[in-house]
Amino acid sequence: MKKINILLFISSLFINTLHATTVYEDGEDGTANGWRVQKNGEPATNIYSNARDSRVIKLQGQGGPWILGAVSGDLSWNNTKEKTISWKMVMGSRYTVYIPVTTKNGTRYLFYNDLPKRILRHGFEGGILHGLGGYNHSEYKNVWRTYTRDLEADLKDSEPDNELISVNGFIYAGANVLLDDIILYNPNEHIYSDGTDINNWVISDNDPAGATITKITDPQGDHVQGDVIKLQGNGLNNSYRLNPANWNNTTQNIIQWKSRFFETYSVSIKIKTKLGDRELLYTNSNNYYPSGGVINNGTTIWHEMGGRSLMGQNGWEQRRDFGDINYFWQTVTRDLKQDLKDFEPNNELISVNSFEVMGSGLIDDVKMLDRPTIIDPKKDIIYEDAQDGSTKRWHIYDNDPADASITNIEDKIKGRVIEFRGDGVANGYEIGSRVGDNQWNNRNHKAISWSMNYNENFSIYIAIETTNGPRYMNYERRDEDRGKSYNYIRFGLGSDISDGLWHTISRNLEDDLHQFEPDNNLIAINAFLIRGSGKIDDIKTMLNYSKITYEDAEDSSTNRWTIFSNSSGEATINNIIDNDRNSRVIQLQGQGLSDGYRLRDAQNNIWNDISHHNLEWSMKYAEPFTIYIEVETKNGHRYLVYTPIDENRGVSGEYIKIGLGENIVDGTWHTIKRDLAQDIANAEAGNELISISDFIIRGSGRIDDVKAF
């Protein structure tokens, strides 16, 4: 067990730096940094949405367009790893969403609007249109909907021989809108049919008789689809179902298939929901505007999936380029969870159970896909805590002179830590990457912290991406900040930090950036680099790092304190000068644990702090004490109880009992930092911190610098 008389951080989430999900916007940083508006419209703003219970982006005005990322250049995402996009949107009126991509054949704009038409090659250079529907649906308007598109598949619908290289941005054109959770990811897939096994299919309705299922070679062009399934019968009168009859897929919500049909066809998907069995029915008709709704006494929900554009009869540009018949495969992607909620908003998808086609044509690549896993940005991300005994996340980026080493060792205070040995600052070590696939590309968080134990010189660099290009936030063993020099922004951590003891450093990177570049903004955190020999532990990023001070005693007042228990009749609260701290502190004096003291605001109101989940305080005690941090949680009112013992004693009613170590009552100053949210979660699985109310202590001693962050 780690000793607890030092600065203590416990974090809640460990991230694999190669995870295949990149969040470009979730609003949780409280800013609209990265958005630009061209032509008509107000600058993007960040607001709180009651419907989403989170922060979102508001684009207000007519037309725009509003741009996140760019078509090319330094501001573009240039994401070469992830090719499926997901976003959430409230559709109030007409819109077009453009996704600029780089392809083998140049720049393309995959764009989406509220009509079902698939014009594919459109009337402007590089434009490829896929309609999402919803223009005539009141159910689509003024509600949050999730949209998911396989960008590579959408490109190949129009240009089957082209290849997607990178995804570069998100552009919205239209009237007022709210946006959230703009994400690129690579979904896990469950393939139910890829054309190689005809036994995956059965004829489920052979009336009239004569329906057939055959395996053929893709007749299109260079036969890029390989083997495919051909369904042939009397149009919509015959049906074909994928085996097994009951998939019982409870983990995936998105379905996708490729089709080449030259007549009307329908797809029926049977699902189990909270309100009973349902059929999701998809049809392509001759309607230009979308339609859909609930039929069959409420058991069938149907959606238009693209009209006759799925049957080779596309818009004028498509006919101009390719003739009257479109011989290309086209991909249909449907979010079944969203399609259910469009017409039954209070229902929930439980499982997907079958896939059935009515109509004659070719079909291939029937698969189920995951929705993206969205990491809660309020949770810290641990990039290194050394507890797995590995050094695999690190590399030596400067091994001149040679023989620098990285090892994972046991430290008597911190447990397992990372140790660097080399020729001082001549050697350099890196976790994450300044460029390439190993970049953290952390676009959620604005702050970072780490623990370090050095007794020689060092230099730390945090590699970040900003709106003005790459920057290195450089933290040194100096007493002064040196400011900006080219792409380096230099800060001093104090000349006495290399004292051979453990120190925890927390920095708000965006605040540090603004100190010397006030008009620049942080886009992403990519890597942590360090020169010098020593030990590192607990590297993590946070949504924000902004302390609020509830008591530092420097105003000479005690008006934020009250005596809530005065059993001795002699309890007092005084604001005094402490010679050891060379500052003012609060002195609590009474008859030991019999007397109690409470810190709130100056009007004796609770803090109701919903923005922070860490609490820090300094204390000097030479006798027993009991500290109560009063909080509200998802499961109700709680007290986090901290005492000078060496073990945690768990939950007892509203009380969560945690030990801070016996040696903390040694009559010297100690600074304690606690992640309250994690302390709650460790004691009560599934419970969550909502707000911090106040600070209560029994026992006589001195308190200073009570802060939340």
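A pocket is an open set of grid points, over the protein atoms alone, with protein on both sides within 12 Å along at least five of seven lines. The exercises below concern a predicted model.

**Exercise 1. Determine the volume of the second largest pocket and state which residues lie nearest its centre.**

Solution. Step 1: the volume of the second largest pocket is about 800 Å³. Step 2: 42 residues line this pocket, and those nearest its centre are S76, W77, N441, R443 and E465. Step 3: two or more lining residues are given by each of β1 (21–25), β5 (63–69), β34 (459–466), β35 (469–476) and β39 (522–531). Step 4: β39 provides the largest share, namely four residues. Step 5: sorted by class, the lining holds 13 nonpolar, 16 polar and 13 charged residues.

**Exercise 2. Describe how β39 is placed: is this strand mostly covered or mostly open, and with which strands does it pair?**

Solution. Step 1: a residue counts as buried when its relative accessible area is under 20%. By this criterion, 10 of the 10 residues of β39 are buried, and the strand is mostly covered. Step 2: β32 (residues 428–432) runs antiparallel to β39 and is joined to it by five bridges. Within this pairing, F528 of β39 faces I431. Step 3: β34 also pairs with β39 in the antiparallel sense, over eight bridges. Here L529 in β39 stands opposite Y461.

**Exercise 3. Characterise the lining of the largest pocket.**

Solution. Step 1: the space in the largest pocket amounts to about 1500 Å³. Its lining consists of 41 residues, with D376, K378, L543, I610 and L689 closest to the centre. Step 2: at least two lining residues come from each of β4 (54–59), β14 (177–185), β40 (534–542), α5 (676–683) and β52 (689–698). Step 3: α5 supplies the largest share, three residues. Step 4: the lining divides into 17 charged, 14 nonpolar and 10 polar residues.

**Exercise 4. For the open sheet that contains β52, give the strand order and explain why one side of β42 and of β49 is without a neighbour in the sheet.**

Solution. Step 1: the sheet has seven strands with mixed pairing, in the order β42-β45-β52-β47-β48-β50-β49. Step 2: β42 (561–566) and β49 (650–652) are at the edges and have a single partner strand each, so one side of each lacks a neighbour in the sheet. Step 3: neighbouring strands are turned against each other by 25 degrees on average, direction ignored. Step 4: β45 (residues 595–599) and β52 run antiparallel and are joined by four bridges; in β52, I697 lies opposite Y597. Step 5: α5 packs on this sheet, touching β47 (626–633), β48 (636–643), β49, β50 (655–659) and β52. The direction of α5 makes about 100 degrees with that of β48.

Terms used
Residues numbered from 1 in each chain as written. Predicted model: local features only at pLDDT ≥ 70, side-chain atom pairs only at ≥ 80, totals over all residues. Heavy atoms only, no water. 1 Å grid on protein atoms, 1.4 Å probe; cavity = no way out; pocket = protein on both sides within 12 Å on 5 of 7 lines; lining within 4 Å. Points joined across faces, edges and corners; volume = space filled by probe spheres on them. Nonpolar A, V, L, I, M, F, W, Y, C, P; charged D, E, K, R; others polar. Pairing = 2+ DSSP bridges. Axes fitted to C-alpha atoms, helices over the stretch in contact; angles between N-to-C directions. Contact = heavy atoms within 4.5 Å. Buried < 20%, exposed > 50% of the residue type's maximum accessible area, 1.4 Å probe, protein only.
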